[in-house]
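I opened the model to look up its packing, its open spaces and a few single residues. My notes follow in the order in which I made them.

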Amino acid sequence: MNRDDFQEALLGIMERKTHWAWSSFTNGVVAADRLHIHLEQEYATYVRDFPVLVARAYIACPIAAVRRELNENVYEEETGGIQAGRPHPELFLEYPRGLNMDLSRFEQVALIPGAARYRAFLDETTLHGGWEVGAAVTTLFVEGTAHERGELDSTAERRPSPPLEEHPLVKHYGLPLDRLQLTKAHRAVEGDHRKTAWRVMREHVAPELYPRVIEAMDRALDLWLGYRDAVAEACGLTR
């Protein structure tokens with residue numbers, strides 16, 4: 001397997017990162033009194049600790065050039081010092097705050113089983129999978145979308161970026177626009193983050209480790225789909 005084959009295998013996994021229930025969240029089908037479940041599970045499963053997950057890959061990596069790239073990601077997520085102005089996990093909480101949810105619920109979230117399995121996998125791979133797997137699972141899978149090909153190929157479909165007024169939480173649930181600070185920050189930095197993540201994979205992962213990275217990404221997808229199934233069920237959705 002050469003670099004192009006490796007990249008194509010990873011793109012193929014990312015293009016399957018779609019879930020049957022997501023349109024119910026974006027179209028306002030989820031009942032407002034259950035929306036907190038989605039936000040709580042997202043926060044506790046990976047948003048709150050995402051800087052830590054990436055930092056584990058940083059610590060394990062012996063390659064200075066890669067460490068610098070990972071460290072920049074951690075710095076922005078942890079402090080917002082490059083773009084957002086505040087830590088990204090804090091900005092995420094502006095969503096429930098703007099929707100008048102009880103923020104004390106976010107202090108000790110009980111993960112539902114599907115979320116717990118996905119989070120256990122994130123911990124296992126970032127702590128013990130080696131920096132290559134840790135970086136792939138965090139900076140490619142967790143941060144990435146089904147539109148990754150558009151980040152690498154100008155002729156492919158890009159990640160949608162509709163007007164902020166069309167954001168589902170604004171349009172269907174009444175979130176004030178000024179609470180979309182995290183969305184704005186993501187739009188400002190994610191293009192660079194995506195290119196960096198793919199460059200690290202292509203230029204610094206040893207070919208003999210390609211199968212291990214692909215296997216971990218496949219497992220991430222399976223567990224993420226199970227996680228999203230569990231959240232959808234908890235929010236009252238069925239296929």
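Entry 1, packing of α4. I began with helix α4 in this predicted model and asked what its buried residues pack against. I found α3, α5 (64-79), α6, α8 (113-128) and α9 (130-142) on the list. The helix itself covers residues 50-60, and its buried residues are Phe50, Pro51, Leu53, Val54, Ala55 and Ala57.

I then looked up the largest nonpolar core, which has 71 residues. Leu10, Phe141, Met201, Val213 and Met217 have the most contacts inside this core. I noted that α13 gives the most to it, with 13 residues. I took Phe141 for a closer look and left out neighbours within four places in sequence. Its remaining contacts are Met14, Lys17, Tyr118, Ala136, Met217, Ala220, Leu221 and Trp224. Met217 is therefore both a contact of Phe141 and, by the cut-off of under 20% relative accessible area, a buried residue, as membership of the core requires.

I looked up the volume of the largest pocket and got about 1800 Å³. Its lining has 49 residues, and Trp22, Thr145, Arg159, His167 and His186 lie nearest the centre. I listed the elements that give two or more residues to this lining: α2 (22-26), α3 (35-47), α6 (88-92), α11 (168-173), α12 (181-204) and α13 (210-234). Which element supplies the largest share? I found α12, with seven residues. By residue class, I recorded 21 nonpolar, 15 polar and 13 charged in the pocket lining.

I searched the whole structure for cavities of 30 Å³ or more and found one. The largest cavity holds about 90 Å³ of space. I wrote down its lining as Glu69, Leu70, Glu72, Asn73, Ala135, Thr139, His193, Thr196, Ala197 and Val200. The lining divides into four nonpolar, four polar and two charged residues.

Is Arg228 buried or exposed? I noted a relative accessible area of 5%, so Arg228 counts as buried. Leaving aside neighbours within four places in sequence, I found Arg228 in contact with His19, Trp22, Phe25, His38 and Glu42. Of these contacts, Trp22 is also among the residues nearest the centre of the largest pocket.

I placed Leu182 in helix α12. Its relative accessibility is 4%, and it therefore counts as buried. I checked which residues Leu182 touches, not counting those up to four places away in sequence, and found His88, Leu91, Phe92 and Tyr95. I also looked up the separation of the C-alpha atoms of Leu182 and Pro87, which is 9.2 Å. These two residues are 95 residues apart along the chain.

I looked for disulfides and the count was zero. I then checked Cys61, which is buried because its relative accessibility is 3%. Cys235 is buried as well, with a relative accessible area of 3%.

Definitions and conventions: Residues numbered from 1 in each chain as written. Predicted model: local features only at pLDDT ≥ 70, side-chain atom pairs only at ≥ 80, totals over all residues. Heavy atoms only, no water. 1 Å grid on protein atoms, 1.4 Å probe; cavity = no way out; pocket = protein on both sides within 12 Å on 5 of 7 lines; lining within 4 Å. Points joined across faces, edges and corners; volume = space filled by probe spheres on them. Helix = DSSP H or I, 4+ residues; strand = E, 2+ residues; numbered from the N terminus. Nonpolar A, V, L, I, M, F, W, Y, C, P; charged D, E, K, R; others polar. Buried < 20%, exposed > 50% of the residue type's maximum accessible area, 1.4 Å probe, protein only. Contact = heavy atoms within 4.5 Å. Core = buried A, V, L, I, M, F, W, Y, C linked by side-chain atoms within 4.5 Å. Disulfide = S-S within 2.5 Å.
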